[in-house]
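Subject: Structure handover and notes

Dear colleague,

I am passing on the structure below, together with some notes on its ring pairs and its strands. Please read them alongside the coordinates.

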Amino acid sequence: MTQRAIGYGRKSFDDPDQRTASVADQETFARSYAERNGLKFLAWFGDNGITGATMERHGLQQLLAMVLARQTDIVIIEDVDRLGRDQEHLQHMSKIFRVHGVVLHTVAAGVIDHLVLSVKGMIGEQQRMRIAYTTRRGLAGKAKRGGVTGGKTLGYARVKTAEDESDDRLGIVEGEAALVYRIFKLYADGTSLKKICKILNEEGIPSPRARERGKYNAGIWNASTLSGSVELGEGILNNSLYIGTRIFNRRTWIEVPNDKRGFRRQPQLNPQAEWIVRDEPDLRIIDQPLWDAVKTRQLEARAERDIKFKLTGNPLTGAKQPTHLLSGLVMCGACGLPFLATGAGRWRCKGHRTGTCDNGSVTTTELETRALAGVREQLLTPEIIGRFATALQQELAEESGAGNAGHNCVERERDDTRARIAKLVARIEEDDDAPRSLTARLKELEAIEVRLDEALAVVPKPRVTRLPANYEALYRRAIAELDTHLASGDGAAARKAIRPLIEKIVVQPGSARGGKRRAIQLHGDLYRMLEFAAAACAPDTTKPRPVRGGAVVTPLVAGTGFEPVTFRL
């Protein structure tokens, strides 16, 4: 009876020297082998450009399906490493073949027994690891001499130089560089990631993956393209190449196995000591102040995400901008539940929508108009801030005095010790027959002085918190900036300017349709208002600075715990 045979071939993507025959050539060899040995060749399965480290290969799974169905007696391959380069996987397939009575043949050696399969499997696995090592070693060498080590980066292209004709250097592409700068500027100015992507997609600007096909949705901008990972340096907003710093070996791709004997690759951050960092100022596209502004906003967005999700959740969702100007700030005065935007130009109590509260709806126009008027006319006034600032400065001064007591005590003790040392030195100098006890006491005091100096080096210096002066002028400028944001129509900028000033808005019950003449209370955060005005101060008033006596003046920090103020709108 003629035995049935099927063939399998594979060619990996990591074979730059073309040392392995193509899948088509392997099929030819397998068919010739079957013909020479009088076998009935039933089918051929191949996988082109897939690593042998995984069993999640379409052609291999088709072959195993025929084996499990007992539709073949022999499997023909060119060599063992074509079947797989992982010892565990080869042993697993070998057991399947034995259970179903299938014999493994190679074109060069014929029948392969279990011992030969094991030895060749180990050799194939080691060869795969060797290829990975030599590839990374070569890339490290290129990185150290300034060569290109990766794929295309938006804003740059390979160029030929007088020293190197192999186009192994990067050069700036002016048009793409302008796009990169525009993305950074939009984000630093308060535009959300999704809004930036929407702008670019509407203008028909292709994304960096425009030439790719498949799962990446070629040509479409998405938020992850911009944000990526801050720790791994992924994403346009985190690429240090834009400030002229090239980093190689920041991360390593590791293979995480799954239940199907396949794996997924995920990046893992390497120790910073292993990074290869090269400064190339000629490749800088983003100036340092703009880069720093983007990093600051990313930190703020991550802090908002952590607060919302308690250190868990989707980073992009956590940093999501509110849909409406007052989203999350409006509360019901009857049941305490939030007011929600219904999408029809109205806000309605959540309890009213479920039938547990009779507080009627309020139009968006009425709510926003009265809230903004209250912020401008009742909260942001020099009189209110002046009274608050006086009381706040007094409390901060008391806290500062209490915090500096320890430092002052140590400093007084040190000064007293130095005075005693000076007296002893004078006495010893005047008396040639001064007793030895004075010398011993002098050494003791000098040792005490050294310990006090060390203690003073550890104890923080006195800090004085002072509020900016001339609040009336500051608030005029702040209000002008606020009006500018509101008039610009830029929703992101308006939200950034308004929302921090409001703690909550309470809508009381009433029968007035649409919220007209409805009692609405505005709860303002005085600390946030102080910060809002302080943003208009001169730069030197927002940073720590030394004053007389070695003390340091620090800017205002919110969070002391003052109660918010409430006004009826």
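Are F184 and Y242 buried or exposed? Both F184 and Y242 are buried, where buried means under 20% relative accessible area and exposed over 50%, with partly exposed in between (1.4 Å probe, protein chains only).

Before going further, please note that this is a predicted model, in which local features need pLDDT of at least 70 and side-chain atom pairs count only at pLDDT 80 or more, while totals for chains, interfaces and linings use all residues. Residues are numbered from 1 along each chain as its sequence is written, and side-chain values use heavy atoms, with hydrogens and water left out.

Aromatic pairs

Searching the whole structure gives three aromatic pairs, a pair being two rings of Phe, Tyr or Trp (its six-membered ring) with centres within 6.5 Å, called stacked if the planes are under 30 degrees apart, edge-to-face if over 60 and tilted for the rest. The ring centres of F184 and Y242 are 6.0 Å apart and the planes stand at 80 degrees, so this pair is edge-to-face. F184 belongs to helix 6 (residues 174–188), whereas Y242 sits in the loop between helix 8 (223–227) and strand 8 (245–248), 58 residues apart; helices (H or I, at least four residues) and strands (E, at least two) are DSSP runs, numbered from the N terminus.

F184 also pairs with W291, with centres 5.9 Å apart and planes at 25 degrees, so these two rings are stacked. Because W291 lies in helix 9 (residues 288–309) and F184 in helix 6, this pair ties together parts that are 107 residues apart in sequence. The relative accessibility of F184 is 0%, and W291 is buried as well, with a relative accessible area of 10%. Ring pairs link Y156, F184, Y242 and W291 into a cluster.

K295 lies over the face of W291, at 4.7 Å from the ring centre, the criterion being NZ of Lys or CZ of Arg within 6 Å of the ring centre and within 35 degrees of the ring normal. R250 lies over the face of W275, at 4.9 Å from the ring centre.

Strands

Strand 9 (residues 251–257) and strand 10 (residues 263–269) are antiparallel and joined by seven bridges, given that two strands pair if DSSP finds at least two bridges between them. R251 stands opposite L269 in strand 10, and the two strands form a hairpin with five residues between them, where R261 in the turn has a positive phi of about 60 degrees.

Best regards
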